[in-house]
Amino acid sequence: MDKMTLEPHYDDDCIFCKILKGDIPSYTVYEDNIVKAFLDISQGTPGHTLVIPKTHVKDIFAYDADLAAAVFSRIPKIARAVQASDPAITGMNILNNNGKVAYQSVFHSHIHLVPRYTDHDDFKMIFKDNSDNYSPADYAAIQDKIKVSLED
Ligand code: AMP
Ligand code: ZN
């Protein structure tokens with residue numbers, strides 16, 4: 001993959017680029033030269049925050065290692081600030097949706113920080129356990145297909 005620049009690069013049709021340019025307002029909680037963090041308008045739970053790179057990148061598949069290191073290294077600091085903002089926060093789901101099928105609706109990569117309060121707050125995830133349907137050979141075949149696809 002070509003080396004990406006960490007300098008801001010905007011897509012004119014992108015709503016999050018419009019937020020970065022100041023054309024659309026946001027409730028910004030943190031920003032520096034690499035990322036901006038602002039409240040998700042949906043507030044899935046109170047404090048739901050999005051962290052976006054300041055350069056337009058569509059999804060996780062489009063990151064190079066330098067941009068990923070720069071963006072993801074900032075997540076713990078922002079997550080701790082969200083956590084510290086309310087003593088009722090007892091956990092946090094950190095999510096990154098890639099592709100329509102994976103519930104991505106804005107195609108400027110973003111990381112959701114979803115504070116969790118109780119078992120009965122407004123957020124749910126379901127991880128189905130399909131392990132009964134997999135033999136050791138099935139796991140090994142999947143393992144091999146992924147391993148041979150790794151970039152250098
Ligand atoms: P995803 O479905 O993972 O692509 O998440 C996109 C998120 O962006 C959704 O949770 C929306 O609520 C949020 N969103 C869309 N437009 C705005 C906006 N103008 N300000 C803040 N959040 C937004
Ligand atoms: Zn964008």
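Which residues surround ligand 1? They are I15, I24, S26, D40, I41, S42, N97, Y103, Q104, S105 and V106, where a residue counts as near a molecule if its C-beta atom, placed from the backbone, lies within 6 Å of it. This shell divides into 5 nonpolar, 5 polar and 1 charged; Ala, Val, Leu, Ile, Met, Phe, Trp, Tyr, Cys and Pro count as nonpolar, Asp, Glu, Lys and Arg as charged, and the others, Gly among them, as polar.

Some ground rules. This is a predicted model, in which local features need pLDDT of at least 70 and side-chain atom pairs count only at pLDDT 80 or more, while totals for chains, interfaces and linings use all residues. Residues are numbered from 1 along each chain as its sequence is written, and chains are lettered from A and ligands numbered from 1 in the order in which they are written.

Now the chain. There are 4 helices and 5 strands, taken as DSSP runs numbered from the N terminus, with helices being H or I of at least four residues and strands E of at least two. Their order from the N terminus is α-β-β-β-α-α-β-β-α. The C-alpha trace spans about 50 × 45 × 25 Å along its principal axes. Of the 152 residues, 17% are buried, meaning that 20 or more other C-beta atoms lie within 10 Å of a residue's own; 12 or fewer is exposed, in between is partly exposed, and C-beta atoms are placed from the backbone.

Next, the core. The largest nonpolar core has 14 residues; such a core is a set of buried Ala, Val, Leu, Ile, Met, Phe, Trp, Tyr and Cys residues joined through C-beta atoms within 7 Å. V35, A37, L50, V51, I52 and L113 have the most contacts inside this core. At least two of its residues come from each of α1 (15-21), β2 (35-39), β3 (49-53) and β5 (111-116).

What does V29 touch, leaving aside residues up to four places away in sequence? V29 contacts A37, F38, L39, T49 and A81, a contact being two C-beta atoms, placed from the backbone, within 7 Å. V29 sits in strand β1 (residues 28-31) and is partly exposed, with 18 other C-beta atoms within 10 Å. I78 is 49 residues from V29 along the chain, and their C-alpha atoms are separated by 8.5 Å.

Last, helix α4, residues 136-147. The number of buried residues among its 12 is 0, so α4 lies largely in the open.

Definitions and conventions. Expected span 1.5 Å × (residues − 1).
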